[in-house]
Amino acid sequence: MVPKIGIIICSQRTPRAGLQIGKAIFSDLEGSDSVEKNTVTLSLIDLAEWNLPMYNEPVMPSQIQSSGQQYVHEQTRRWSEEIASCAGFVFVTPQYNWGYPASVKNAIDYLYHEWEGKPAMIVSYGGHGGGKAAGQLKQVLCGVRMRPVERMVGLTFPSKDVLMGAAEGCELDLSFWERERTEVVGVFGEMVNFLFDEA
């Protein structure tokens, strides 16, 4: 079976720029060699659609060995199945106040074994590119024993006006990130190679 890579849109804000940016990254990666050659497939995972409550399972995720029997809530079981079905992940995250959104930390903390050992990459965005959020998120991914690639790509809004428009949910012309989006595709290729090198 062809491995599936989940593209996780980490923002749940309303309005938000995350959905536009995540879909643009998804589209770019659809044109990558790895996808066109059917080495991997892609799946878009929007945390706003999942709308997970703050973690409410009675057992620590690292102690759960069988999700079908040990998770209490149906939504948790479905989230477990979604993440378990992917072989790797691309996290597309904004930076809020020097950090990443609580929504993605909560989504990660729901599970443990479903993330463990899988490669990941981080694409951040913000007024200064989101590097602080990306660095913190990378630490968390290592904490659940994922294998994030070294390179992270930061997307910096070109002006305060564009940043404010993005925060208000305005339609964006993302051509100003042409170089960075090309870099995302390159890092994605590294992550896919990592997936198969470690197989």
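By "buried" I mean under 20% relative accessible area, with exposed over 50% and partly exposed in between (1.4 Å probe, protein chains only). Before going on, I noted that this is a predicted model, where local features need pLDDT of at least 70, side-chain atom pairs count only at pLDDT 80 or more, and totals for chains, interfaces and linings use all residues. Residues are numbered from 1 along each chain as its sequence is written, and side-chain values use heavy atoms, with hydrogens and water left out.

**Strand neighbours**

I looked up the run of E3 and got residues 88-94, with 7 of its 7 residues buried. Strands here are DSSP runs of E with at least two residues, helices are runs of H or I with at least four, and numbering goes from the N terminus. Next I checked the pairing, which takes at least two DSSP bridges between two strands. Strand E1 (residues 4-9) runs parallel to E3 and is joined to it by 5 bridges. Gly6 has Phe89 of E3 as its bridge partner. With E4, strand E3 pairs in the parallel sense over 6 bridges, and Val90 stands opposite Met121 there.

I then followed the chain from E3 through helix H6 (residues 102-109) to E4 and found a right-handed β-α-β unit. Right-handed means that, with the strands pointing away from the viewer, the path from the first strand over the helix to the second runs clockwise.

**Rings**

How many aromatic pairs does the structure hold? I got 9. The rings of Phe89 and Phe91 have centres 6.2 Å apart and planes at 45°, so I logged the pair as tilted. The rule covers rings of Phe, Tyr and Trp (its six-membered ring) with centres within 6.5 Å; planes under 30 degrees apart are stacked, over 60 edge-to-face, the rest tilted. Phe89 comes out at 0% relative accessible area, and Phe91 is buried at 0% too.

Tyr125 and Phe157 have ring centres 6.4 Å apart and planes at 90°, so this pair is edge-to-face. Tyr125 is in strand E4 (residues 119-126) and Phe157 in the loop between strand E6 (153-156) and helix H8 (160-167), so the pair ties together parts 32 residues apart in sequence. Both residues are buried.

I also found a cluster in which ring pairs link Trp50, Trp79, Phe89, Phe91 and Trp115.

For charges over rings, I asked for NZ of Lys or CZ of Arg within 6 Å of the ring centre and within 35 degrees of the ring normal. Arg13 lies over the face of Tyr96 at 3.7 Å from the ring centre.

Is Ser34 buried or exposed? At 11% relative accessibility, it counts as buried. Ser34 is found in helix H2 (residues 33-36). Leaving out residues up to four places away in sequence, Ser34 touches Thr39, Val40, Phe188, Gly189 and Val192, where contact means heavy atoms within 4.5 Å.

On to H9 (residues 178-197): its 20 residues reach 29 Å from first C-alpha to last, close to the 28 Å expected at 1.5 Å a residue. The expected span is 1.5 Å times one less than the number of residues. Buried residues in H9 include Phe188, Gly189 and Val192.
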